[in-house]
Amino acid sequence: MSGTTLTLADDFAPPAREAWLKLVEKTLKDQSFEEALVRQTPDGIAIQPLYTSDSAPTVVRDLRARDADRPWDLRMALAHPDPRQAGAEGLKDLENGAASLLVAIDPTGRDGVAIGSADDLAKVLDGVLLDLAPVALDAGYLGPKAADWLGALAKAAPNAPLAFHMDPLTAFARTGASPGPIESHIVSAATVGARLAQTYAKASLFLATGRAAHEAGGSNTEELAVMAASALAYAKALVRTGLPMEEAFSRIVVGVTVDAEYFTGVAKIRAAREIWARTTSACGVNVPAKIEARSSQRMLAKADAWTNLLRLTSAGFAAAVGGADAVVLGTFTDAIGLPTAFARRQARNTQLILMEESHLGRVADPAGGAWYIDTLTDQLAQAAWGGFQAIEGAGGIVKALETGLVASAVNATREAQAAAYADKSRKILGVTVFPNADDKRPEVAQVDPAAFAVAGPDVRLPGPDSACPALAPMRFAAAFEEA
């Protein structure tokens, strides 16, 4: 009808409107609107049942054109303690669709590949063309030494897009201690990074992430606040070595953790981009965020481990739709032990299906304009920015870790979430609801890490050790699996 605007009130005449309201009251069962239809996230953000264009904010969007065939970097993690076996797994991944590798380094072999020298790393990367297949590192306090090892191996490919991923702050937060002052470890990493930057023009130097807060049970906003504070600390360290501010930020990768709550995951990645834009703008530069998304370990279950495939698929979906530049999905058996070839294939193919069959990368920022996700993105960014300001007000991320400011917030969030799982207001599929009576654990690789352990270099730096309350990794399902 030309010239006529219909409203909800027009559609419902008084008798119909009265019947509709009675139906609403019956559905609510004497609960208030907020009790029945509004959900609170662990961040304290209220999720409404309906969003409109009037309330949707304007958020930073990533509208860069994406490669239609390879919209993001499919990155596979290597953690088998045997360097040669890890290398063989990596080559198979690259031959079957992966684009890059993430090498976890631990000389003891317990939490990564038993690498203690450049020769050991060379065994892992034997046959890998570093100028074609980027390699990222996860080496804790060994980060500067591992970066030098990788730099030496890539000497014939100065344009190799390496990801040195030095990140002493996450090692400090997770273990609660550093061998020597943590500030010295940051300075050491920045010094090595600045030197390597002169040779490797496309290499990233630092990984700034709040993953330790997430894996310890923290909220999305607590993770993002730690991420932002870490990025600023690393940028300052690089500037002190002589790098211009713009280059310092351009050499930092932002790390975001995604779990099975895919709408929140999409919003979290977009919020990370917004926080990064606000931080760099405050520093007087304009550098786009480079985001590496990794799947959550705390969301995984040992009981009915096959349900982890669903969780990992949701995490991959969130990473892709959120616009992550690189995505690392764990395997569905990670909570049980080292993956078999089958588990690695599942992790790899999950991304390939999302990329090549679901075509999730064909549209730039597909969540943009969704009133709910735009609102949630803004709410996460605003809350995380407040947390970031609190960390900076306490003297920066190092002081916030040392004084327990970060740990106190994370512990409170973890306890609240654990209580919600305990009373089943939040549920874990296959564990607290719909347990599988015929559960058969999938196979895992049977390996003795001690058989591959090597003597790694001494990472101690001069001066007194630093300490902080440790953000120990945990899984929410563990409390029910062990009961």
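Helices (H or I, at least four residues) and strands (E, at least two) are DSSP runs, numbered from the N terminus. The labels below follow that scheme, and the model they describe is a predicted one.

**The second largest pocket**

H17 supplies 4 residues to the lining of the second largest pocket, the most of any element. This pocket has a volume of about 790 Å³. Its lining counts 30 residues, and those closest to the centre are Ala-260, Glu-261, Tyr-421, Arg-426 and Lys-427. Two or more lining residues come from each of strand E1 (39-40), helix H12 (262-282), helix H13 (308-322) and helix H17 (405-422). By class, the lining of the second largest pocket has 15 nonpolar, 8 polar and 7 charged residues.

**Enclosed cavities**

Searching the whole structure gives 5 cavities of 30 Å³ or more.

| Cavity | Volume | Lining by class |
|---|---|---|
| Largest | about 80 Å³ | 1 nonpolar, 5 polar, 5 charged |

Around the largest cavity stand Pro-42, Asp-43, His-214, Gly-218, Ser-219, Asn-220, Asp-259, Glu-261, Arg-298, Gln-417 and Arg-426. Glu-261 and Arg-426 from this lining are also among the residues closest to the centre of the second largest pocket.

The second largest cavity is lined by residues that include Leu-169, Thr-170, Ala-173, Val-226, Ser-230 and Leu-471. H7, helix H9 (211-215) and H10 each give at least two residues to this lining. H7 has the largest share, with 3 residues.

**Helix H7 and its packing on H10**

Helix H7 (residues 168-175) packs against helix H10 (residues 220-240) at an angle of about 135 degrees, and their axes lie 10 Å apart. H7 is therefore oblique to H10, because an angle over 145 degrees would be needed to count as roughly antiparallel. On the H7 side the contact uses Pro-168, Leu-169 and Thr-170, and on the H10 side Ser-230, Ala-233 and Tyr-234. The contact residues comprise 4 nonpolar, 2 polar and no charged. Leu-169, Thr-170 and Ser-230 take part in this contact and also line the second largest cavity.

H7 is mostly covered, with 6 of its 8 residues buried. The buried residues of H7 are Pro-168, Leu-169, Thr-170, Ala-171, Phe-172 and Ala-173.

Note on methods: Residues are numbered from 1 along each chain as its sequence is written. This is a predicted model: local features need pLDDT of at least 70, side-chain atom pairs count only at pLDDT 80 or more; totals for chains, interfaces and linings use all residues. Side-chain values use heavy atoms; hydrogens and water are left out. Axes are lines fitted to C-alpha atoms, for helices over the stretch in contact, and angles run from 0 to 180 degrees between N-to-C directions. Angles under 35 degrees count as roughly parallel, over 145 as roughly antiparallel, 65 to 115 as roughly perpendicular and the rest as oblique. Contact means heavy atoms within 4.5 Å. Ala, Val, Leu, Ile, Met, Phe, Trp, Tyr, Cys and Pro count as nonpolar, Asp, Glu, Lys and Arg as charged, and the others, Gly among them, as polar. On a 1 Å grid over the protein atoms alone, a cavity is a set of points where a 1.4 Å probe fits but cannot get out, and a pocket is an open set with protein on both sides within 12 Å along at least five of seven lines; lining residues have an atom within 4 Å of a point. Grid points are joined across faces, edges and corners, and a volume is the space filled by probe spheres set on the points. Buried means under 20% relative accessible area, exposed over 50%, partly exposed in between (1.4 Å probe, protein chains only).
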